[in-house]
Amino acid sequence: VHTLGLAVDCCFVDERGQPTWQEHFPGAWKEFTRRVERRGLIAGGSWTRFVDYPHVQLIEVQYQNTAWEMYKENGGLANIASFWERLEKANVLEVD
């Protein structure tokens, strides 16, 4: 989903301004997950089989294969704007 521009992995920033995946306080990743979901995004921190706290995505897991097929049919990265339009029309994106 990262390849399609539909997901990112996030991190915290430490006191030196450097990226870190360590929690600054107990429950920081759970709070991050709560805030991500409150904004209508899918948070890897809520997954049960593989909890991936840094992961945030725009599309539900069950639509990933469909999105990948649409991406390939559309010509890949060269036609990314058209690909996103098709996703919106298919009503599989989670946020407006």
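Tutor: A residue counts as buried under 20% relative accessible area, as exposed over 50%, and as partly exposed in between. The model here is a predicted one. In it, C11 has a relative accessible area of 33%, so C11 is partly exposed.

Student: How does C10 count by relative accessibility: buried, exposed or partly exposed?

Tutor: C10 is at 23% relative accessibility, so this residue too falls in the partly exposed class.

Student: How many disulfides does a search of the whole structure find?

Tutor: The search gives 0 disulfides. A disulfide needs two cysteine sulfur atoms within 2.5 Å. For C10, the closest cysteine sulfur is that of C11, and because 7.5 Å lies between the two, they are too far apart for a bond. Seen from C11, the nearest cysteine sulfur belongs to C10, 7.5 Å away, and C11 is in no disulfide.

Student: Next, the sheet. What is the order of its strands?

Tutor: The general idea comes before the case. Strands of a sheet pair through backbone hydrogen bonds, and the pairing is either parallel or antiparallel. Here the sheet is open, has 3 strands in the order β1-β5-β4, and its pairing is antiparallel. β1 (7–9) and β4 (42–43) are the edge strands, each pairing on one side only.

Student: How many bridges join β4 to β5?

Tutor: There are 2 bridges between β4 and β5 (residues 55–57), and these strands run antiparallel. To find one on the structure, look at A43, whose bridge partner in β5 is V56.

Student: How do I read a pair of aromatic rings?

Tutor: Two values describe such a pair: the distance of the centres and the angle of the planes. A search of the whole structure finds 3 aromatic pairs. In one of them, W29 and F32, the ring centres are 5.3 Å apart and the planes stand at 90°, so this pair is edge-to-face. Both residues lie in helix α1 (residues 28–38), 3 residues apart, which is about one turn of the helix.

Student: Which kind of pair do W29 and Y53 form?

Tutor: W29 and Y53 are stacked, at 6.4 Å centre to centre with 25° between the planes. W29 has a relative accessible area of 6%, so W29 is buried, whereas Y53, at 25%, is partly exposed. Through ring pairs, F12, W29, F32 and Y53 are linked into a cluster.

Student: Which residues of helix α2 are buried?

Tutor: In α2 (residues 64–73) the buried residues are A67, M70 and Y71. They cover an arc of only 105° around the axis, so they sit on the same side of α2. N65 and E73, on the other side of α2, are exposed. After α2 comes G75, which has a positive phi, near 95°.

Student: Which residues make up the largest nonpolar core?

Tutor: This core has 9 residues in all: L4, L6, L58, I59, A67, M70, Y71, F83 and L87. Two elements, α2 and α3 (80–89), each give two or more residues to the core. The largest share, 3 residues, comes from α2. The buried residues of α2, namely A67, M70 and Y71, are among the members of this core.

Technical notes. Residues numbered from 1 in each chain as written. Predicted model: local features only at pLDDT ≥ 70, side-chain atom pairs only at ≥ 80, totals over all residues. Heavy atoms only, no water. Pairing = 2+ DSSP bridges. Helix = DSSP H or I, 4+ residues; strand = E, 2+ residues; numbered from the N terminus. Phe/Tyr/Trp six-rings, centres within 6.5 Å; stacked < 30°, edge-to-face > 60°. Buried < 20%, exposed > 50% of the residue type's maximum accessible area, 1.4 Å probe, protein only. Arc of directions from axis to C-beta. Core = buried A, V, L, I, M, F, W, Y, C linked by side-chain atoms within 4.5 Å.
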